[in-house]
Amino acid sequence: MKKINIICLFLSVAMASGCYKDTGNYDYTDINRVEIKFEKSFYNVTQGDILELTPTYPDFVTNNAGNYEFKWLLNDETKPEWNTMTFKSQMNEAMDRNDLVIEVKDKKTDVIYMNKTSVTVTGVYTNDDSWMILSDDGGKSKLSFLSVTELVDQDSDKQPEGSDQYYYEKERFIPNVFTGELGSGPIALQEHWREGVDLGENVIGNICVFQKSGAVDLEGTGFTKEIDMKDAFMGKNYPAANTVLYPGSFLQFTDVVCDQDGKLYSRLKLSSSVYNSEYFLPVPLKVREEKEALEQCRVCRGYYAPNRIGHQVVYDGKNKRLLYLKDGSDDYYTPTEGAACIVPITVPEDLTTGNIVPLNDHSGYDLLHISQCGSTGAGSSSYYGFFEVLKKIEDNKLYIQKFDLTKKWTDDIPGITSIEKFELTGLPETPSVCAFPTYSPTEYAFFAVGQDLYMLDLVNKSGAELYYHFDSKITAMDYGSGRNVHLAVGLEDGSFFVLGAVAAKNIKDEHKLVYQSPEKVGKIVDIKFKNNNMWNY
């Protein structure tokens with residue numbers, strides 16, 4: 001049996017050898033794997049700009065491009081003119097992180113190699129680090145815009161030698177962003193937000209333009225008019241024929257605006273995810289349990305962030321005190337009494353002593369400025385800071401008072417947790433415009449006196465120092481840029497500037513100027529950094 005198995009094995013080998021014949025007549029192809037690399041994992045351009053990028057290909061592809069076919073797909077769509085080694089196209093449609101795929105086909109083997117990157121096309125008016133400028137151009141309101149694609153990083157080789165601040169990259173100045181007549185008698189700008197319908201929604205804030213001819217609310221992606229604010233009042237009329245609206249506060253549930261007499265009007269929104277839902281009531285607000293309507297009020301134009309506090313600060317100029325504006329009403333069943341609730345600010349006894357101006361009694365002082373900023377603290381509470389610039393009537397001395405407000409999740413009303421006051425020295429006279437930081441840390445503040453800009457180190461409190469001189473009077477400033485990086489300055493002659501402001505005391509004079517507008521736009525009355533998406537109000 002063993003002998004038979006051996007014979008079968010030899011027969012099998014012989015038969016196999018008979019089926020194989022090596023003629024040497026074969027074509028062998030070396031398949032080189034095509035590795036495609038992008039310099040960046042995503043690319044960001046402004047709507048209307050040309051996106052041009054060339055991936056890194058192996059040398060055998062670059063040197064023998066005719067052996068390959070190139071195909072680009074943007075969001076699964078392609079165009080014949082794209083299909084070269086380099087992608088080049090004018091990006092006219094706004095998009096958020098769409099896939100840009102390159103396919104390279106080897107014509108000999110039909111093997112296709114792929115890689116992808118991501119492309120975001122940002123609307124001209126929704127670029128980060130951009131500014132809105134409101135000016136008076138012969139009595140008419142004019143809205144201009146500085147669109148900034150990105151900041152030049154401090155470590156970039158594009159930095160001027162010896163400078164360590166942030167400069168602009170690919171900026172463009174648009175002198176008039178509104179088509180048609182915006183209005184007349186410009187007063188101020190105020191950006192406000194709605195809540196997103198879902199967590200992934202990118203909510204761009206609306207822009208309310210306050211002006212003597214009548215406030216208008218514009219959508220923030222193209223600055224087209226959404227509504228005349230008089231139509232947002234019950235009966236689609238202002239409370240009186242001579243009513244002129246001034247900025248207030250747009251919160252999650254409640255919106256509040258001022259009129260020229262400092263009276264406050266509010267609306268309670270049934271939906272926080274819709275702009276201009278419901279109507280403002282024509283009845284001016286009162287302090288809870290007080291009989292007379294408030295007058296001569298100023299709502300602090302504040303720092304609105306996702307971690308909302310549910311309250312805003314109001315200055316009651318008639319009674320020289322600070323009040324809380326509550327986001328909502330204590331009584332939803334009596335809306336004619338006002339949709340928002342105003343309550344007095346109470347301060348713990350241990351903070352009422354010492355060298356401070358009581359928050360509930362500013363007698364003997366004029367309030368020149370009040371603004372809100374970010375603050376920090378331990379735990380899950382919300383923290384906000386407020387800056388006041390006060391002028392003592394008796395001797396005209398200037399003071400800065402900062403107080404911090406903390407809202408614990410378990411408390412209905414926020415509490416004052418610290419107050420400090422110090423004299424503001426170094427200014428030749430009373431400032432016409434003040435600019436305090438919006439975000440923390442809060443290192444510097446700026447003051448305009450005529451054509452001169454002064455800087456104050458808020459940490460050392462060593463007195464204001466001359467920072468920059470302009471050729472025209474300073475009429476508007478804003479220090480609301482992200483991380484307090486830049487300060488925007490507008491002049492009476494219509495010139496617009498951006499200056500470095502982070503680590504301001506260390507910036508050399510020749511490096512302070514970041515940007516100057518190429519043209520003048522009329523007397524600048526207000527400037528606002530465009531925050532775009534603040535997730536909520």
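**Asn484 and its loop**

I started at Asn484, which sits in the loop between strand 29 (474-478) and strand 30 (486-491). This is a predicted model, so I kept in mind that local features need pLDDT of at least 70. I looked up the backbone next: phi of Asn484 is near 55°, a positive value, and the residue is not a glycine. Is Asn484 buried or exposed? The relative accessible area came out at 5%, and the cut-off for buried is under 20%, so I put Asn484 down as buried.

Having both flanking strands on screen, I went on to their sheet. In what order do the 4 strands run? I read 29-30-31-32, an open sheet with antiparallel pairing. At the edges I found strand 29 and strand 32 (513-516), each with pairing on one side only. From one strand to the next, the twist averages 20°.

How many bridges join strand 30 to strand 31 (residues 496-500)? I noted 5, with the two strands running antiparallel. For a landmark to click on, I picked Leu487, which stands opposite Leu499 in strand 31.

**Phe223, another positive phi**

Next I jumped back along the chain to Phe223. Its phi is near 60°, again positive in a residue other than glycine. Where does Phe223 lie? I located Phe223 in the loop between strand 12 (216-218) and strand 13 (225-228). Relative accessibility is 1% here, so I logged Phe223 as buried.

Last stop was Asp255, which belongs to strand 15 (residues 254-259). The relative accessible area is 2%, which means Asp255 counts as buried.

Which side chains does the side chain of Asp255 make polar contacts with? I found Arg267, with a side-chain to side-chain polar contact of 2.9 Å. I also found Lys269, whose side chain is joined to that of Asp255 by a polar contact of 3.1 Å.

I then listed what else touches Asp255, leaving aside neighbours within four places in sequence. Besides Arg267 and Lys269, the contacts include Ser249, Phe250, Tyr265, Ser266 and Phe280. My one-line entry for this site: Asp255 is buried at 2%, with polar contacts to Arg267 and to Lys269.

Notes:
Residues are numbered from 1 along each chain as its sequence is written. This is a predicted model: local features need pLDDT of at least 70, side-chain atom pairs count only at pLDDT 80 or more; totals for chains, interfaces and linings use all residues. Side-chain values use heavy atoms; hydrogens and water are left out. Buried means under 20% relative accessible area, exposed over 50%, partly exposed in between (1.4 Å probe, protein chains only). A polar contact is a pair of N or O atoms within 3.5 Å; within protein, one must be able to donate a hydrogen and the other to accept it, and residues adjacent in sequence count only if both atoms are side-chain atoms. Contact means heavy atoms within 4.5 Å. Two strands pair if DSSP finds at least two bridges between them. Axes are lines fitted to C-alpha atoms, for helices over the stretch in contact, and angles run from 0 to 180 degrees between N-to-C directions.
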